[in-house]
Amino acid sequence: MGIQNTMKALADPTRREILEMLKKSRLSAGEIAGHFAMSAPAVSKHLGILKDAELIRDCREGKYIYYELNVSVLEEVMLWIAELKGEKDEERIPDTDRTDAGNSGCDLHTAGSVT
């Protein structure tokens with residue numbers, strides 16, 4: 001995990017909003033872009049940064065690319081912060097059942113284009 005890439009990705013409010021949206025369900029790039037008053041290339045850039053930080057995964061189904069949350073990286077960051085605070089193991093946030101939240105079972109890849 002690159003903590004610097006993760007923190008950079010989380011620093012932007014638009015990217016945090018995208019993560020909030022993906023917390024509920026996986027979405028296509030078009031569905032994500034429809035929530036913002038910005039160009040599709042701008043949304044694509046945000047998605048690319050989130051993918052580089054491994055906070056989201058993508059899955060191609062036909063002509064669409066769907067994005068889903070990858071909570072395992074968030075859990076690693078939470079554990080690092082807990083250790084930084086000096087929390088003992090029993091005080092740490094327990095693992096969630098959502099480490100593969102929204103995983104549809106399709107083959108995930110890292111396509112460079114957004115549909």
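Asp12 is buried, because its relative accessible area is 19% and buried means under 20%, whereas exposed means over 50% and partly exposed lies in between, with a 1.4 Å probe and protein chains only. Asp12 sits in the loop between α1 (3-11) and α2, where helices (H or I, at least four residues) and strands (E, at least two) are DSSP runs numbered from the N terminus. In sequence Asp12 and His46 are 34 residues apart, while their C-alpha atoms are 8.9 Å apart in space.

The model is a predicted one, in which local features need pLDDT of at least 70 and side-chain atom pairs count only at pLDDT 80 or more, although totals for chains, interfaces and linings use all residues. Residues are numbered from 1 along each chain as its sequence is written, and side-chain values use heavy atoms, with hydrogens and water left out.

The chain has five helices and four strands, and from the N terminus these elements follow the order α-α-β-α-α-β-β-α-β. Of the 115 residues in the chain, 34% are buried. A contact means heavy atoms within 4.5 Å, and among contacts between residues at least 6 apart in sequence, 67% join residues at least 24 apart.

The largest nonpolar core has 22 residues, of which Leu22, Ile32, Leu47 and Tyr67 touch the most other members; such a core is a set of buried Ala, Val, Leu, Ile, Met, Phe, Trp, Tyr and Cys residues joined through side-chain atoms within 4.5 Å. Two or more residues of this core come from each of α2 (13-24), α3 (29-33), α4 (40-52), β3 (64-69) and α5 (71-85). When residues up to four places away in sequence are not counted, Ile32 touches Ile18, Met21, Leu22, Leu27, Val43, Leu47 and Tyr67.

Ser28 belongs to strand β1 (residues 27-28), and it is buried because its relative accessible area is 8%. Beyond residues up to four places away in sequence, Ser28 touches Ile65, Tyr66 and Tyr67.

What is the phi of Glu54 near? It is near 60°, a positive value in a residue other than glycine. Most residues other than glycine have a negative phi. Glu54 lies in the loop between α4 and β2 (56-61), and it counts as partly exposed because its relative accessible area is 49%.

The chain exposes about 7,000 Å², of which carbon and sulfur atoms supply 51%, the areas coming from the Shrake-Rupley method with a 1.4 Å probe. Leu84 is found in α5, and it is exposed because its relative accessible area is 62%.

The mean pLDDT of the chain is 82, with 75% of its residues reaching 70 or more, where pLDDT is the predictor's confidence in each residue, from 0 to 100. Over residues 97-102 the pLDDT stays under 50, and the model has 13 contacts for them beyond four places in sequence. Residues 108-115 also have pLDDT below 50, with 27 contacts in the model beyond near neighbours in sequence. Where pLDDT is low, the predicted coordinates should not be read in detail.
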